[in-house]
Amino acid sequence: PNGLPGDLATDAVELTDTNAIRAKLDELTIYGRYYDGENWIEYHLTDGRTAYWEKGCTYPGKWWVQDGQVCYAYPNYRNGAANCFILFVRPDGSVQFVAVADDGSTYLASFSLKVEHGNTANLAIGEKSPCVGV
C-alpha cells in the first residue's frame, strides 16, 4: 500500500494478527457507514458466519482472516465475491475498514458508528435472503 488514507483516524491502530482480529470481531455487531454515507450492520459469529444488513435486507455470509486482512463473502450479494479489508481499531473500540484498490492505493471503505457485543440488531442468521443481491 502507498501509505494510509488521509481520512483514517490518527489514533487508529492496524490489526494484522489473526488472533487479534478474531478477538476483536468475534460476537461483535458493527453498526457502520460507508464512505458514501450508506449505513450497514454486520454481526460476526465466532464460527465464521455473518449476517449483513443494508438497505433493509439481511444477507447471510461468512468472514475469515487472510493475509492479515479480514474478508467477507455473501452467496447472494455481489455473486459471493470476497471483499477484504485492513482492520483498524481506535482506543474507544470503534473500527475502521481500509480497502486496497487495484493500483495498490488505500482508501477508507467504511467505519463504525457503534459496536456492541452479541447480535444486538437481531439479524437473521444463516437464512437465505429474500432480497435480490446487487
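How many bridges join S4 to strand S5 (residues 57-66)? In the predicted model described here, in which local features need pLDDT of at least 70, side-chain atom pairs count only at pLDDT 80 or more, and totals for chains, interfaces and linings use all residues, S4 and S5 run antiparallel and are joined by six bridges. Residues are numbered from 1 along each chain as its sequence is written, and side-chain values use heavy atoms, with hydrogens and water left out. Helices (H or I, at least four residues) and strands (E, at least two) are DSSP runs numbered from the N terminus, and two strands are taken to pair if DSSP finds at least two bridges between them.

Lys-55 is exposed, with a relative accessible area of 57%, where exposed means over 50% relative accessible area, buried under 20%, and partly exposed in between (1.4 Å probe, protein chains only).

Strand S4 (residues 49-54) also pairs with strand S3 (residues 39-44), in the antiparallel sense and over five bridges. The bridge partner of Glu-42 in S4 is Tyr-52. S3 and S4 likewise form a hairpin, here with four residues between them, and Gly-48 in the turn has a positive phi of about 95°. On the side of S2, Glu-42 of S3 is the bridge partner of Ile-30, and five bridges join S2 to S3 in an antiparallel arrangement. The hairpin of S2 and S3 has four residues between the strands, with Gly-37 taking a positive phi near 100°.

Strand S2 pairs with S9 as well, in the antiparallel sense and over seven bridges, and the bridge partner of Ile-30 in S9 is Val-115. S2 is mostly covered, since five of its seven residues are buried. Thr-29, which is placed in strand S2 (residues 28-34), counts as buried at 0% relative accessibility. A polar atom of the Thr-29 side chain lies 2.5 Å from the backbone oxygen of Gly-118, a polar contact being a pair of N or O atoms within 3.5 Å, of which, within protein, one must be able to donate a hydrogen and the other to accept it, while residues adjacent in sequence count only if both atoms are side-chain atoms.

Helix H1 (residues 18-25) has Ile-21, Lys-24 and Leu-25 as its buried residues. These residues lie on the same side of H1, because they cover an arc of only 85° around the axis, the arc being that of the directions from the helix axis to the C-beta atoms. On the other side of H1, Asn-19 and Ala-23 are exposed. The N-terminal end of H1 is capped by Asp-17, of which a side-chain oxygen lies 3.1 Å from the backbone nitrogen of Asn-19, and just after the helix Glu-27 takes a positive phi of about 60°.

The largest pocket holds about 540 Å³ of space. A pocket is an open set of points on a 1 Å grid over the protein atoms alone, where a 1.4 Å probe fits and protein lies on both sides within 12 Å along at least five of seven lines; lining residues have an atom within 4 Å of a point. Grid points are joined across faces, edges and corners, and the volume is the space filled by probe spheres set on the points. The lining comprises 27 residues, of which Tyr-34, Tyr-77, Arg-78, Asn-83 and Phe-85 lie nearest the centre of the pocket. At least two lining residues are supplied by each of S3, S4, strand S6 (69-73), strand S7 (83-89), strand S8 (95-100) and strand S9 (106-117). By class, the lining has 18 nonpolar, three polar and six charged residues, with Ala, Val, Leu, Ile, Met, Phe, Trp, Tyr, Cys and Pro counted as nonpolar, Asp, Glu, Lys and Arg as charged, and the others, Gly among them, as polar.

Leu-87, placed in strand S7, is buried, with a relative accessible area of 0%. In the segment after S9, Lys-128 counts as exposed at 62% relative accessibility. Asn-122, also in the segment after S9, is exposed, with a relative accessible area of 66%, and its phi is near 55°, a positive value in a residue other than glycine.
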